[in-house]
Amino acid sequence: MVKVNLWSGLRRFAADQTVVPVEARTVREMLDALTAAHPALLPFIKAGVSVSVNGQIVTDLNAPVAPEDEVYLIQRIKGG
Amino acid sequence: MPKDDLKTGYRIVGTRPDRPDGLDKVTGRARYGADISAPGMLHAAVVRSPHAHARIIRIDASKALVLDGVKAVITRADFPTGLTGEDWNLQENTIAGDVALYDGHAVAAVAATSKLLAQDAARLIEVVYEVLPHVIDVDAAMQPDAPVIRAGTADHSVPEGMHPNVVKYIDFGHGDLEAGFAAADLVRAQTYKTEATHQGYIEPHACLGQMGADGKGEMWVCTQGQWYIRRMCSAVLGTDASQLRVTPSEIGGGFGGKTTIFMEPLALALSRKAGGRPVKLVMSRAEVLRATGPTASASMDVKLGMKADGTLTAAQVNFRMQGGAFIGSSPVGEALSCALACYTIPAVHHEGYEVLANRPKAAAYRAPGSPMAAFAVESLLDEMCRELGLDPLAVRLKNAAREGAKASYGPTYNRIGLVETLEATMAHANLKVPLGPNQGRGVASGFWFNHGGETSVSLAIGEDGTVTVSVGTPDIGGSRASLGMMTAETLGIPYEAVRVNIVETGALGVNEPTHGSRATFASGLAAVEAAKQAIKTMCARAAAEWGIDADAVEWIDGAAAPAGPNAGKFPPMSIAEIGAKMGSTGGPISGHHEVTAGGFGASFGAHVVDVEVDPETGRTTVLRYLVVQDAGRAIHPAYVEGQYHGGAVQGIGWALNEEYVYGADGRLQNTVFLDYRIPVASDLPMIDTVIVEVPNPGHPYGVRGVGETGITPPLPALANAIAAATGARLRSLPMSPPKVLAAIKAKANGQG
């Protein structure tokens with residue numbers, strides 16, 4: 001299971017969990033599994049989040065994720 | 001000062017060749033947005049709301065349309081309906097629908113055969129308004145009695161019961177906050193405010209747009225992102241993106257403010273209505289200040305817990321930011337994520353609110369959100385260090401974020417260079433300069449994420465062996481030089497043999513704008529990969545001529561050569577020789593690379609400023625200034641130093657002078673540079689810089705990106721220096737002379 005860390009504001013949309021375990025091999029599968037388990041997260045995912053895997057922001061939905069990876073959803077960052 | 005064992009000893013990387021755009025700019029040859037003209041061109045003028053919030057009852061253009069030479073007038077009725085989300089925001093900001101949402105909001109536009117005629121015609125367009133109550137201040141906009149700007153705008157994140165102007169809520173953190181504060185020897189909390197400031201680019205927005213009734217169009221425009229212009233204009237106009245060709249001009253500053261659209265669709269819509277004649281639209285400075293993106297204004301609460309030895313035990317921030325009348329425009333999420341990023345603190349909690357106000361739609365501004373956050377956090381940290389009698393730099397080093405530590409925003413840091421940056425700062429001679437009466441020294445740290453993003457680069461070998469690189473990231477800070485240098489380094493040819501062009505939207509795949517300090521990082525990464533691809537082809541051409549296997553050829557110093565004695569004995573074949581005969585050896589040789597670049601590395605900085613405050617007037621003079629920042633690798637150190645200078649200067653302006661001043665009527669009072677005063681050379685000392693190099697392992701040359709971090713520490717560094725000089729702590733920006741004087745007097749009266 002990949003353990004996905006949510007920012008705490010999302011907790012109330014994910015059954016009060018800040019770490020949600022999901023079965024996933026890629027970032028896409030991870031996001032799909034998250035929203036399948038907790039449909040209330042969908043507006044936030046659709047609005048845009050950044051996915052951090054082992055400290056790197058990953059933009060490729062096909063990028064692999066593994067159970068030992070550190071995975072965080074964080075606010076989408078815009079630069080100047 | 002490279003800090004690891006990534007390859008050093010480059011021929012070109014790290015040197016300081018002449019600027020590729022220098023001669024064009026100093027001789028006036030560079031073509032900016034307003035320099036582009038076309039046969040049959042019309043000129044546009046825009047009618048703007050004089051009210052902060054008003055219902056548009058009627059627009060009557062009949063008097064304008066009868067003028068000889070007026071070719072088109074447009075209102076919102078000339079744009080498609082049914083847009084949603086950010087597309088709707090962009091359209092609404094381009095031209096108001098039923099309601100003007102801020103002073104300066106466009107409500108109509110006119111195209112005529114001369115600029116003067118267009119301006120006269122604009123004055124003849126009659127707009128009848130019903131003035132509505134307005135709100136400017138972010139805290140006032142959250143109050144129960146605040147006028148509702150647009151009901152139903154809030155997204156899912158906002159808890160029930162908030163005012164409808166609160167449109168986003170963010171909440172994150174980790175650790176036991178209560179235990180963290182309980183473990184502290186000193187807990188302090190304060191509130192800080194910053195006013196909106198403008199990016200202050202010298203070149204106003206300007207474009208030339210042409211569009212036929214068939215939806216095919218062209219645009220020449222000063223922008224940080226031609227593909228963003230294409231996508232956003234097409235969305236607003238209801239046309240297909242691929243039918244619009246956008247060519248970026250030379251750019252006279254952007255700083256994030258030119259990553260979006262403001263008036264560009266107006267030129268295209270006017271052209272479409274005027275039978276396809278090209279339409280030039282150039283903003284005045286007043287239009288730039290009233291109607292293009294400043295950054296947000298902010299109101300921020302910070303609470304910190306610290307042990308007697310300076311160890312931070314807990315931190316709590318609550319930020320409110322307004323980014324105008326449109327959701328998603330404030331950088332409150334970025335501000336929260338940056339607020340505590342310099343430190344490893346066991347318990348942190350961040351809370352933020354985005355709030356609508358009757359102000360222009362905020363745009364990105366250099367490290368969006370981070371300077372305000374730093375002002376609040378770094379100011380309070382400084383206050384607590386002074387209260388405990390601790391060295392503020394030593395405390396920053398003690399708590400500094402390091403590789404392997406959990407970032408305040410969640411993930412674990414990879415290789416970062418804050419410790420090295422602080423150590424270099426503490427070793428600098430500026431810290432040993434004695435200070436005189438009314439003088440004070442302030443320090444602060446700063447952070448920015450940096451970014452990678454969608455990137456497409458092509459490279460072509462010329463018939464003489466010189467090289468053209470086509471990139472999609474407009475050059476706002478020296479990226480033509482850095483990209484040319486990395487390309488030349490990779491190819492083993494002179495820097496002068498490479499030309500880097502910023503190309504139009506038809507020439508490459510989609511590129512994100514130059515934002516997030518990404519141009520040298522991401523376009524550089526792609527240019528290096530494109531060069532490697534071309535090298536592979538050139539090696540294959542040489543191998544074919546020599547009759548040996550391509551794997552038996554290597555690329556050394558700009559030439560193909562047999563790889564070892566077993567490959568055969570052939571003299572190296574230079575890039576010029578290969579280029580000269582490529583037409584008869586298989587055709588043109590090029591390289592191409594496209595990627596959504598990951599692997600970017602955060603950049604940390606530390607600033608030290610000495611000021612003198614005149615106790616009679618409250619005027620602050622900056623005596624000396626030091627910027628120390630991790631560049632990863634400085635490809636062209638002079639440009640990196642330029643970015644450090646520029647960040648410091650914009651930060652000094654933000655700290656001391658710049659602010660949007662609104663009247664009680666909600667109109668912007670200071671719409672020219674005489675009244676909105678950015679720093680000029682005579683306001684500034686020479687700025688010292690130290691480039692720290694902790695290479696980013698995610699880039700072939702170690703680049704991190706340097707454009708944004710430098711604006712983050714100046715706001716608190718100045719506040720801390722003024723506090724040291726006067727004993728008066730200012731918690732509201734700008735620290736203009738009247739405010740500093742009032743704070744000094746309050747302190748003298750025992751109120752500070």
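Modeller: Here we go. Chain A has an accessible surface of about 3800 Å², and 54% of that surface belongs to carbon and sulfur atoms. Keep in mind that this is a predicted model.

Colleague: What secondary structure does chain A have?
Modeller: Chain A has 2 helices and 5 strands. Along the sequence the order is β-β-α-α-β-β-β. Its radius of gyration is 12 Å, close to the 12 Å that the globule rule gives for 80 residues, so chain A is as compact as a globular protein of that length.

Colleague: And what does the C-alpha trace of chain A span?
Modeller: About 30 × 30 × 15 Å along its principal axes. Of the 80 residues, 55% are buried.

Colleague: What about the backbone? Which value does phi of A:Asn54 take?
Modeller: Phi is near 55 degrees for A:Asn54, which is a positive value in a residue other than glycine. A:Asn54 sits in the loop between strand S3 (49-53) and strand S4 (56-58) of chain A.

Colleague: On to chain B. How many helices and strands there?
Modeller: Chain B has 19 helices and 26 strands. Its C-alpha trace spans about 90 × 75 × 50 Å along the principal axes. A compact globule of 752 residues would have a radius of gyration near 27 Å, and chain B agrees with 27 Å.

Colleague: How much of chain B is buried?
Modeller: Buried residues are 63% of its 752. The accessible surface of chain B is about 26000 Å², with 52% belonging to carbon and sulfur atoms.

Colleague: Which contacts in chain B join residues at least 24 apart?
Modeller: 79% of the contacts between residues at least 6 apart in sequence. In chain A, 50% of the contacts with a separation of 6 or more are between residues 24 or more positions apart.

Colleague: And the charges in chain B?
Modeller: Chain B carries 64 positive and 77 negative side chains. The centres of the two sets lie 3 Å apart.

Colleague: Show me a helix. Why is H10 of chain B called largely enclosed?
Modeller: Helix H10 covers residues 332-339 of chain B, and 8 of its 8 residues are buried, so it is largely enclosed by the rest of the structure. Among those buried residues are B:Val332, B:Glu334 and B:Cys338.

Colleague: What covers the buried residues of H10(B)?
Modeller: Both chains contribute. The cover includes strand S5 (71-75) of chain A. From chain B, the cover includes strand S7 (166-174), strand S14 (312-322), strand S15 (347-355), helix H11 (370-388) and strand S16 (439-448).

Colleague: You mentioned a cysteine. How many disulfides over all chains?
Modeller: The count is 0.

Colleague: New topic. Where is B:Met283?
Modeller: In the loop between strand S12 (279-282) and helix H9 (285-291) of chain B. B:Met283 has 4% relative accessibility, so it counts as buried.

Colleague: What does B:Met283 touch?
Modeller: Leaving out residues up to four places away in sequence, B:Met283 touches B:Arg48, B:Pro204, B:His205, B:Phe262, B:Met263, B:Val288 and B:Thr292.

Colleague: Last one. Which peptide bond is cis?
Modeller: The one from B:Leu733 to B:Pro734, with omega near -5 degrees. B:Pro734 lies in the loop between helix H18 (714-726) and helix H19 (737-748) of chain B.

Notes. Residues are numbered from 1 along each chain as its sequence is written. Chains are lettered from A and ligands numbered from 1 in the order in which they are written. This is a predicted model: local features need pLDDT of at least 70, side-chain atom pairs count only at pLDDT 80 or more; totals for chains, interfaces and linings use all residues. Side-chain values use heavy atoms; hydrogens and water are left out. A disulfide is a pair of cysteine sulfur atoms within 2.5 Å. Helices (H or I, at least four residues) and strands (E, at least two) are DSSP runs, numbered from the N terminus. The radius of gyration is taken over C-alpha atoms; the globule rule is 2.2 Å times the number of residues to the power 0.38. Buried means under 20% relative accessible area, exposed over 50%, partly exposed in between (1.4 Å probe, protein chains only). Contact means heavy atoms within 4.5 Å. Accessible areas come from the Shrake-Rupley method with a 1.4 Å probe; for residues, only the protein chains shown count as cover. Lys and Arg count as positive and Asp and Glu as negative; His and the chain ends are not counted. The place of a charge is taken as NZ of Lys, CZ of Arg, CG of Asp or CD of Glu.
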